[in-house]
Amino acid sequence: MNMLDIGNSTLPEASGQMPASARNNVDLPLPDGPMTLEAWFRGDHLDGRRGLVTKTEGSEYGLFVSDGHPSFWIHLDGAYASLEPMDVPLVPGQWHHIAGVYDNDNGASYLFIDGVLNDTYEISGDFLSSYNKLYINNQAPFAGEFHMDCDVAGVRITDGVRYSSDFSPEFPL
């Protein structure tokens, strides 16, 4: 499996940028197949729609927090499929691990919150990759509008299925 592991980094409010060592790496080695996107974060205010880790805008994937609820979006066959469980709120001020998985071999996507499988969506299709920039704590091209005051302890993107059932997340990534 290929993997981009950004590791431990605390991002100041509204930075919307990843560490300088990874900021220009827009050619992430993800094939049109399975992938896992995960992050550890802690935020004090989780209201509104916030981009946690995004490479969206008509392609690819993203982890979002909307009014205290996490979601995973993936772009397949020209449209986004999203997993957005509204019955699992995040606790402000507490560290949370969120993982979104696309398993094209089994035709499913999964959303894990703190190691627990919280949502499954049956889906298959062609994954659309792009040269869009990867944003942490924001969503392009709306810099400054979709960020939150949070700490990010790690981000990992893997070109394979890392999780398909409950697990104990490692802190930090």
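Trainee: What makes β5 and β6 a pair?

Mentor: Five bridges join β5 to β6. Strands pair if DSSP finds at least two bridges between them, so β5 and β6 count as paired. They run antiparallel. The model is predicted, so local features need pLDDT of at least 70, side-chain atom pairs count only at pLDDT 80 or more, and totals for chains, interfaces and linings use all residues. Residues are numbered from 1 along each chain as its sequence is written, and side-chain values use heavy atoms, without hydrogens and water.

Trainee: Why are β6 and β10 called edge strands?

Mentor: The open sheet has the order β6-β5-β4-β3-β10, with antiparallel pairing. β6 and β10 (135-136) each pair on one side only. Strands here are DSSP runs (E, at least two residues), and helices are H or I runs of at least four, numbered from the N terminus.

Trainee: How many helices and strands does the protein chain have?

Mentor: One helix and eleven strands.

Trainee: What makes the largest nonpolar core a core?

Mentor: A nonpolar core is a set of buried Ala, Val, Leu, Ile, Met, Phe, Trp, Tyr and Cys residues joined through side-chain atoms within 4.5 Å. Buried means under 20% relative accessible area, exposed over 50%, partly exposed in between (1.4 Å probe, protein chains only). The largest core has 29 residues. M35, L37, F41, L52, Y61, F72 and I74 touch the most other members. Elements giving two or more residues include β5 (69-76) and β6 (79-83). Another core, of seven residues, lies apart, with Y163 among them.
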